[in-house]
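Reader: Before I set anything up, I would like to go through the backbone of this entry. Please show the sequence and structure.

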Amino acid sequence: MPLAQTVTAVPVVVDDAKCIADKGCTVCVDVCPLDVLRIAETLDGRKTAYMAYDECWYCMPCEADCPTGAVKVNLPYLLK
Amino acid sequence: MDEIRDGMNRIDCDILVIGGGTAGPMAALKAKARNPGANVVLLEKANVKRSGAISMGMDGLNNAVIPGHATPEQYVKEITIANDGIVDQAPVYRYAQNCYDIIQELDRFGIRFQKDKNGEYDVKKVHHIGTYVLPMPNGETVKKALYRQLRKARINISNRYMATRLLTGEGRIAGAICVNTRSAEFLVIRAKAVILCLGAAGRLGLPASGYLYGTYENATNSGDGYALAYHAGAGLANLECYQINPLIKDYNGPACAYVAGPFGAYTANAKGERFIECDYWSGQMMQEFYDELVSGNGPVYLKLNHLAPETIGEIEDILHKVERPTRGTFQAGRGTDYRQKMIEMHISEIGFCSGHSASGVFVDEDARTTVTGLYAAGDMASVPHNYMLGAFTNGAVAGEHAGDWIRDVDHAAIDEGAIEAERRRVLAPTLREDGIPPNQIEYKTRRMVNDYLQPPKVTSKMELAQERFAEIREDLSSGMLVRNSHELLRSLEASSILDCADMAAAASLFRTESRWGLYHNRVEFEGRDNENWFCHTLLTRGRDGMPTLRKQPVAPYVVEIDDTEKDAYYRQRVGSNALKTVAAE
Ligand SMILES: Cc1cc2nc3c(=O)[nH]c(=O)nc-3n(C[C@H](O)[C@H](O)[C@H](O)COP(=O)(O)OP(=O)(O)OC[C@H]3O[C@@H](n4cnc5c(N)ncnc54)[C@H](O)[C@@H]3O)c2cc1C
Ligand code: SF4
Ligand code: SF4
């Protein structure tokens with residue numbers, strides 16, 4: 001069966017102005033139990049963490065362990 | 001991102017612990033302490049720093065047997081009664097005797113437990129009969145404390161590796177095959193002993209929200225431990241005794257009566273009336289909860305709004321900070337202020353978990369499975385109502401036993417053919433041009449679990465489930481599509497979930513009686529049939545590759561239970577009396 005791209009609103013938001021992935025930080029990516037966060041390049045060539053997969057247990061290690069307070073965990077829309 | 005790389009590494013160790021959540025770290029520490037020369041590897045699908053049910057911490061110990069408050073014998077009795085008598089008491093007794101030492105050890109690790117003015121442990125009553133709940137004022141430190149100990153003991157930690165199959169040889173355990181979840185590279189580990197600590201089967205039923213990861217259990221726990229044990233030929237006990245929990249509706253986490261109960265909160269119906277005398281989770285309690293939910297008195301709530309505002313503040317402080325901190329976000333979003341509104345509750349999806357229920361990979365009092373050299377502890381092992389302290393304590397039992405056992409054995413020979421076959425199975429979905437993605441395979445499996453396996457259980461529905469699962473199995477093995485290493489992880493989880501679904505159906509069909517309240521409520525077989533079914537069910541992998549079942553006697557009790565006490569857990573409904581239960585039998 002061919003595939004389609006279905007959009008989904010993700011619960012975890014990273015404030016790229018605060019994220020220091022540029023300096024090599026990967027803390028949130030490292031701790032996430034579901035392994036759904038990744039580092040991407042922003043339009044101006046900097047780096048930032050972001051939620052790559054909508055597979056979240058809304059558990060909070062990413063937010064709790066981020067050294068700069070850049071991560072906000074919201075609840076997935078389906079259950080909020 | 002997440003590209004699939006070709007690779008296969010091999011390592012040897014003495015003791016391989018799989019799963020670095022709760023039981024796993026303790027098993028590794030104790031194995032090393034018992035046998036300092038041993039090479040102990042702790043393998044984890046996520047990252048040991050923040051993995052497992054206790055990822056963010058815990059609100060308290062739910063089953064602490066503390067001298068002066070309870071005896072091991074009283075605890076064994078309570079757990080036996082709560083599980084309808086189908087309990088091998090020896091492992092429960094071992095736990096009850098050892099857990100106080102583990103509490104003190106955790107204390108030394110820096111995890112504090114609540115004490116009263118006199119410096120005594122401040123244990124609370126939540127269970128139907130005895131007193132076993134001990135709050136943890138700094139419960140958020142659990143994972144950090146464990147991690148410090150692991151580093152100190154120089155345990156070799158391998159994060160982001162998922163174990164996919166165990167290796168056996170010479171009739172005993174030989175190691176495990178693992179896949180890196182970020183690169184798809186293989187790691188074959190030879191080990192003299194393997195300790196399984198992979199947690200619950202938390203992604204078996206689909207939460208009512210429809211969100212695949214909105215589960216009660218940490219969603220990393222997809223039942224891989226049950227599948228590993230099954231394919232290695234180990235026996236699994238009483239899988240028809242599902243886990244079903246009373247939870248905050250939609251949020252799907254504990255509300256939590258264990259925390260709020262001792263402050264005066266209770267489970268109520270829509271009229272605000274109490275209908276059960278005890279908020280401790282058991283199949284019998286869940287049956288009452290379910291009955292109320294579907295009656296005209298539903299839905300069911302946790303009621304706090306009668307408490308003093310300061311008390312509620314104290315409860316909020318615990319509930320919104322430690323174990324599931326997003327509880328506060330959720331309640332705020334719904335406009336639920338505990339001072340005004342009751343908390344709407346619902347029943348969870350089904351799962352396997354001895355942490356709260358009683359099923360799992362069969363183990364004896366030394367945490368040994370039926371495969372030589374293979375141990376299991378925590379939510380996936382068959383010791384009932386284990387909770388966190390059970391995971392720690394039985395993890396320790398497994399680690400210590402394995403530490404001794406490996407002294408006299410060498411690595412078992414491994415079958416290269418099995419490794420090659422597993423490589424082909426794992427990578428097959430990556431070789432296709434198009435097909436069905438793992439999330440759709442998983443969604444469909446879990447929806448069928450809800451449609452057909454959720455109690456009350458009906459024979460013809462469960463048989464239909466088996467037909468659907470067979471079709472999905474065909475899709476999974478010949479049509480699943482994986483495009484990167486992250487999807488590969490999900491595809492392997494989908495396979496474990498399907499194995500667990502088949503096991504749940506087979507075990508539930510086998511036991512032709514009702515038992516454990518809602519957990520195994522079979523509509524056509526009302527009441528318990530002690531004459532034919534006062535036994536465990538033991539599931540193994542049959543020659544056709546599908547589950548096969550047999551009865552296994554309950555081991556003679558260590559602590560006798562008086563006839564008048566046996567049905568105590570059936571007398572939970574407010575105003576109930578003993579006669580009702582007797583009549584049902
Ligand atoms: C929301 C919630 C609240 C709870 N509250 C309490 C409480 O207040 N008090 C209490 O006593 N108990 C509580 N419990 C129960 C208690 O937390 C568990 O019983 C206990 O932590 C289970 O420990 P475990 O080691 O078996 O599983 P876990 O701690 O979940 O660890 C399993 C580990 O295995 C890893 N894993 C899974 N599959 C693989 C694989 N294929 N390969 C490698 N690794 C793998 C996982 O990533 C995870 O780290 C709660 C449970 C939950 C879910
Ligand atoms: S809330 Fe938990 S699952 Fe979700 S992204 Fe953060 S760490 Fe990962
Ligand atoms: S932990 Fe915070 S700073 Fe570090 S990568 Fe993640 S969001 Fe950025």
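The questions below concern strand pairing and backbone geometry in this predicted model.

Reader: How many bridges join strand β2 of chain A to strand β3 of chain A?

Author: Strand β2 of chain A covers residues 37-41, and β3 of chain A covers residues 47-51. The two strands run antiparallel. The number of bridges joining them is five.

Reader: Which residue in the hairpin of β2(A) and β3(A) takes a positive phi?

Author: Five residues lie between the strands of this hairpin. One of them has a phi near 85 degrees, and that residue is A:Gly45.

Reader: Which residue of β3(A) is the bridge partner of A:Ala40?

Author: Strands β2 and β3 of chain A are joined by bridges. For A:Ala40, the partner in β3(A) is A:Thr48.

Reader: What is omega for the cis peptide bond that joins B:Ala255 and B:Cys256?

Author: B:Cys256 sits in the loop between β12 (246-248) and α6 (257-260) of chain B. The bond that joins B:Ala255 to B:Cys256 is cis, and its omega is about 20 degrees.

Reader: Is B:Asn252 buried or exposed?

Author: B:Asn252 is found in the loop between β12 and α6 of chain B. Its phi is positive, near 70 degrees, although the residue is not a glycine. The relative accessible area of B:Asn252 is 8%. Because the cut-off is under 20%, B:Asn252 counts as buried.

Reader: What is the relative accessible area of B:Ala184?

Author: B:Ala184 lies in the loop between β8 (172-180) and β9 (186-190) of chain B, and has a positive phi of about 70 degrees. B:Ala184 is buried, and its relative accessible area is 1%.

Conventions. Residues numbered from 1 in each chain as written. Chains lettered and ligands numbered in written order. Predicted model: local features only at pLDDT ≥ 70, side-chain atom pairs only at ≥ 80, totals over all residues. Heavy atoms only, no water. Pairing = 2+ DSSP bridges. Helix = DSSP H or I, 4+ residues; strand = E, 2+ residues; numbered from the N terminus. Buried < 20%, exposed > 50% of the residue type's maximum accessible area, 1.4 Å probe, protein only.
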